[in-house]
Amino acid sequence: MMPFWKPAKGKTGVLLYLALIHILAVTGVVLFPSPSLPVLGLSLLLACLGGLGTTIGYHRMLAHRAVQVNKVIEHVLVFCAMFNGSGNPASWVAYHRHHHAYTDTPEDISSPKHGGFWWAHLRWLYQSSPADRQKWCPELNRGAHQIWRLAEAPVVLLSLCCGLALGWEGFFWIGAIRLVYSLHMQCFVNSLTHLDHSDTGDSSRNVWWLGPLQLTAWGENWHRNHHSSVGSARLGWHWWQVDIGWYFIRMLEAVGLATNVRRPRTQ
Ligand SMILES: [Zn+2]
Ligand SMILES: [Zn+2]
């Protein structure tokens, strides 16, 4: 395995971005350890919206086609996910379909079984070769979604800097600190929820305690459920498996803004 500081070909930008937001986030926490309520509230709100964008927009809707939503809402969700640092839709979906196609094999792009915790958590982001978009998601490699790829850098820049409107405290807390928090909470889906070492051959697991921490991945902590019924828009299968993404989809469905909602195989 290459040393941890070395990016794969074409991924230097990703490594620099990750380093930059971490440095800024640590600086922000040192300079402003207790943010004002409005700044903290806005930062959390943006993180929550970003979480909905990633889990509903990128994961359940675009990657698995488990639900269809109104076109305007679709693009709002994509914007929220991108604003939260989840990358552009085509690259997210290509990596994700690759992960499902090769789960737990040496080809799995983010397997802790083969690369260890830190590989699965962060290193694969800048040390794996990019997944082939044309192969894994040709439908996102054209049309309106192409525009999102061009918009990615300006949206991320806006996301990082927009808090400056509320002063330096806003800059750090609404920008880098939120992005670092969102990043790690989502990275836990690749690392922590794939650490089942029993001999079932399937490393995915449900991690209940991750749910309340994971404001940015509503319901994604039920990852074993997800691997057991990949096409389902519902990740929490029991009343006690809180799945905010699912409640949001049901709400959209109730008002006619979501259709073709697929349920788990067991229901
Ligand atoms: Zn998935
Ligand atoms: Zn997985």
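This report walks through the fold of one protein chain, from its overall build down to single residues.

What you're looking at is a predicted model, in which local features need pLDDT of at least 70, side-chain atom pairs count only at pLDDT 80 or more, and totals for chains, interfaces and linings use all residues. Residues are numbered from 1 along each chain as its sequence is written, while chains are lettered from A and ligands numbered from 1 in the order in which they are written.

**The big picture**

The protein chain has 12 helices and 2 strands. Here helices (H or I, at least four residues) and strands (E, at least two) are DSSP runs, numbered from the N terminus. Follow the sequence and you get α-α-β-α-α-α-α-α-α-α-α-α-α-β. The chain's radius of gyration is 18 Å, close to the 18 Å that the globule rule gives for 267 residues, so the chain is as compact as a globular protein of that length. (That radius is taken over C-alpha atoms, and the rule is 2.2 Å times the number of residues to the power 0.38.) The C-alpha atoms fill a box of roughly 50 × 50 × 40 Å along the principal axes.

How much of the chain is buried? Buried residues make up 44% of the 267 residues. A residue is buried if 20 or more other C-beta atoms lie within 10 Å of its own, exposed if 12 or fewer, and partly exposed in between, with C-beta atoms placed from the backbone.

| Helix | Residues | Length | Span | Expected span |
|---|---|---|---|---|
| α1 | 12-31 | 20 residues | 28 Å | 28 Å |
| α9 | 167-190 | 24 residues | 35 Å | 34 Å |

In α1, the buried residues are I21, A25 and G28. Looking down the axis of α1, they fall within an arc of 65°, so they line one face of the helix. The arc is that of the directions from the helix axis to the C-beta atoms. An α-helix has 3.6 residues a turn, so residues three or four places apart point the same way. The other side of α1 has exposed residues, including T12, L16 and I23.

What do the buried residues of α1 pack against? Their partner is α9. In α9, 19 of the 24 residues are buried, so this helix is largely enclosed by the rest of the structure. It also has a kink of about 30°, centred on R178; the bend is the angle between axes fitted to the seven residues ending there and the seven starting there.

**The cores**

A nonpolar core is a set of buried Ala, Val, Leu, Ile, Met, Phe, Trp, Tyr and Cys residues joined through C-beta atoms within 7 Å. The largest one has 39 residues, and V67, V93 and A94 touch the most other members. Elements giving two or more residues to this core include α2 (37-63) and α12 (244-254). Apart from it lies another core of 19 residues, among them I21, A25, L160 and M185.

D104, in the loop between α4 and α5, has a phi near 70°, a positive value in a residue other than glycine. D104 is partly exposed, with 18 other C-beta atoms within 10 Å. N260 isn't a glycine either, yet its phi is positive at about 50°. N260 sits in the segment after β2 (258-259) and counts as exposed, with 11 C-beta neighbours inside 10 Å.

Note on methods:
The expected span of a helix is 1.5 Å times one less than its number of residues. Two residues are in contact if their C-beta atoms, placed from the backbone, lie within 7 Å.
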